[in-house]
Amino acid sequence: MPDTTSIEKATGTAPVKVGAPLPAPAKGRSLWADAWHDLRRNPLFVISAALILFLVVLALFPSLFTDVNPRDGDPANHYLGRPELTHWFRPDWFGYDGQGRSIWARVVHGTRASILVGFGVTLLVTLVGGLTGLLAGYFGGWLDSVLSRITDIFFGVPFLLGALVVLNAVTDRTPVVVMGALAFLGWTQMARVMRGSVLTTKQADYVTAARALGAGTWRIMLRHILPNAVAPVLVVATIALGSYISAEATLSYLGVGLQDPTVSWGIDISTASNQVRNAPHVLFFPAGMLSLCVLAFMMMGDAVRDALDPKLR
Amino acid sequence: MTTVPLLEVRDLQVEFHTRDGVAKAVNGVSYTVEAGQTLAVLGESGSGKSVTAQAVMGILDMPPGRITGGQILYRGQDLLTMSEEQRRKIRGDRIAMIFQDALSSLNPVLSVGYQLAEMFRVHRGMSRRQARARAIELMDRVRIPGARERVNDYPHQFSGGMRQRIMIAMALALEPDLIIADEPTTALDVTVQAQVMDLLAELQREYRMGLILITHDLGVVADVADTIAVMYAGRIVERADVHQLYRRPAHPYTKGLLDSVPRLDHKGGELYAIKGLPPSLTSLPGGCAFSPRCAAATDLCRSQTPAVVPVAPGRVAACHHWKETLDAPAA
């Protein structure tokens, strides 16, 4: 069937096999695959991914690392001296706190609260904010006005002050409650990023083309706009994850975050802070873990941004 | 003469509301396209040729655009009074469009196979597997080498000419009655232009589709068009059979366009150019919109807008002095 007569006529040359000299590219590599290809070669990503993987394993299976109950204290170990840094993964590795509890065990078990709150808030915020931004950006008009004003109202509330007020009203502050409070105040950032991104993508020729070829509203929105608009949201979400973790710690430190039966770095930092002169190690280890965790997510965010949007580099 | 034309645009008027006022992009354009026929719409940027096509497709951005008058009849049904749902069924299925820049008109995150298959899934409700098989057939049909292997490739992995073939395949997927091609070859290399244009013309003949070819390239037009409509400042200034128009233009603007094409037998001479610039659409001059640039303009031209009048069977022009232009010796 592929006769070349018309091409011959047009170019006046011998039949050329159309497109033959194209260099064979790697088969079926999508932009996502490209991004992944870049990511794997980025040392920033490799390091942060390893750290995050380690933290997630800590959060999921703390008993792999310690079999000491972080809530049991032995008064004999009250502020027991310097950490035994040679005792790897043993209860006295990081020393003991004021109630004689193993700091190593508390640091290990505290990971779960931070990771849970970090991922949970990010997920909620991305869903709520992303959906709001997508609808506002795509439909525009009065819907955009209404949604954007609601976003602005929430945006106007100072993040920590708002969380303080909300959480003060709740007596039973489980991780889920803290997650809800942070997401309630934090979704506006995602909504704004998503709306802006959708507004840009909506102008693309391929969206007009999809419309001209008969695609319906939802298909255009979900198949053609969303995958092209989601990259900046992913970047912001990864970076924000770290800040949600530190926000949880801040709230716990201030006494309106997580509460005692829950083990959390923020709570430990809070209790350690008044004995920092006598027992600096009690403050150092939870604070260090918190910094490490936040750093890992920020680095990951940077790497993801480099991969998804090479123009911003 | 009782048959209903495939597409008839009647006295279409489109405005854009801009910061500088109302831009009258299309001021009473009428044309018809029959099955198997090619109508070339010729004009410079801003003459309203693309806007007319967008109005036919129903993809005008409204606002700022607004259709203020006229009818667009597809097989006798007015597209402008249809429900959005009905129009969507016609778009892509019965009337399809080929865009100028295939790279930006194909979605970068979806494979070309997915995008081709989408046509069958949206309009025919086919299963993924069936639609995919049809997508490969289509890629073969537009002569993309190794269609089976390349169906999962992404638009950026194809060359410009191949991408435009994929655009053509998408538009032809459901064997529409009418194709609107908006400068389909402008973004391509000159060597590839002819291949793509020939492919399009061949497929059009095969499926007996109507084709509206929007272009500013007089060379492309001469080969493939049956009828030519020349647009200027949102109006059709001349519409004629391609041979008549090339031999004896009836409008000074058409004549100017033809004279400004480089010709081998005038080698060495200075290339003719129409003086001046197209008028601003927000403040069109009184009378004939072309009069400020027209060498033959008279007081009548500057005060009265010329009506579109028949100058020969099947041929119209909008000029007070079409007789003189028609009888003028060829340059």
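User: In this predicted model, at what angle do the axes of α3 and α4 of chain A cross?
Analyst: Helix α3(A) spans residues 43-60, and helix α4(A) spans residues 103-139. Their axes come within 7 Å. Angles of 65 to 115 degrees count as roughly perpendicular, so α3(A) is roughly perpendicular to α4(A). The crossing angle is roughly 110°.

User: Which residues of α3(A) and α4(A) make that contact?
Analyst: Contact here requires C-beta atoms within 7 Å. On the α4(A) side, the residues are A:V108, A:T111, A:R112, A:I115 and A:L116. On the α3(A) side, they are A:L55, A:V56, A:L58 and A:A59.

User: Are α9(A) and α11(A) roughly parallel or roughly antiparallel?
Analyst: Helix α11(A) covers residues 280-308. Its axis and that of α9(A) come within 8 Å and cross at roughly 175°. The contact includes A:L234, A:T238 and A:I245 of α9(A), and A:V294, A:F297 and A:V304 of α11(A). An angle over 145 degrees counts as antiparallel, so the pair is roughly antiparallel.

User: Where is A:R219, and is it buried or partly exposed?
Analyst: A:R219 sits in helix α9 of chain A. The C-alpha atom of A:A136, 83 residues away along the chain, is separated from that of A:R219 by 17 Å. Burial needs 20 or more C-beta neighbours within 10 Å. A:R219 has 16 inside 10 Å, so this residue counts as partly exposed.

User: Why is helix α8(A) described as largely enclosed, and what covers its buried residues?
Analyst: Seven of its eight residues, within 205-212, are buried, so the rest of the structure largely encloses it. Among the buried ones are A:Y206, A:T208 and A:R211. Just after the helix, A:G214 takes a positive phi of about 95°. The cover includes α7 (175-202) and α9 (217-253) of chain A, with α1 (49-57), β6 (95-98) and α3 (102-105) of chain B.

User: How many residues does the largest nonpolar core have, and which element gives the most to it?
Analyst: The largest nonpolar core has 176 residues. Those with the most contacts inside it are A:L182, B:A169, B:I180 and B:V237. With 16 residues, the element that gives the most to this core is α9(A).

User: Which residues does B:I180 contact beyond its neighbours within four places in sequence?
Analyst: B:I180 is among the residues with the most contacts inside the largest nonpolar core. Neighbours within four places in sequence are left aside. Its partners are then B:A53, B:V56, B:M57, B:I95, B:M97 and B:I212.

User: What percentage of residues 111-301 of chain A is helix?
Analyst: UniProt, in an unreviewed entry, places "domain: ABC transmembrane type-1" at these residues. The end C-alpha atoms of the stretch are 20 Å apart.

User: How far apart are the end C-alpha atoms of residues 115-141 of chain A?
Analyst: The unreviewed UniProt entry annotates this stretch as "transmembrane region", along with others including 44-65. Residues 44-65 are 77% helix, with end C-alpha atoms 26 Å apart. Residues 115-141 are 96% helix, and their end C-alpha atoms are 39 Å apart.

User: How many helices are in chain A, and what share of its residues is buried?
Analyst: Chain A has zero strands and eleven helices. Residues 24 or more positions apart account for 70% of its contacts with a separation of 6 or more. Of its 313 residues, the buried share is 41%.

User: What scores does the model carry?
Analyst: In chain B, 98% of residues reach a pLDDT of 70 or more, and the mean is 84. For the model, pTM is 0.79 and ipTM is 0.81.

Methods. Residues numbered from 1 in each chain as written. Chains lettered and ligands numbered in written order. Predicted model: local features only at pLDDT ≥ 70, side-chain atom pairs only at ≥ 80, totals over all residues. UniProt positions renumbered as here; feature names shortened; annotations may be inferred. Helix = DSSP H or I, 4+ residues; strand = E, 2+ residues; numbered from the N terminus. Buried ≥ 20, exposed ≤ 12 C-beta atoms within 10 Å, placed from the backbone. Contact = placed C-beta atoms within 7 Å. Core = buried A, V, L, I, M, F, W, Y, C linked by C-beta atoms within 7 Å. pLDDT = per-residue confidence, 0-100. Axes fitted to C-alpha atoms, helices over the stretch in contact; angles between N-to-C directions. Parallel < 35°, antiparallel > 145°, perpendicular 65-115°, else oblique.
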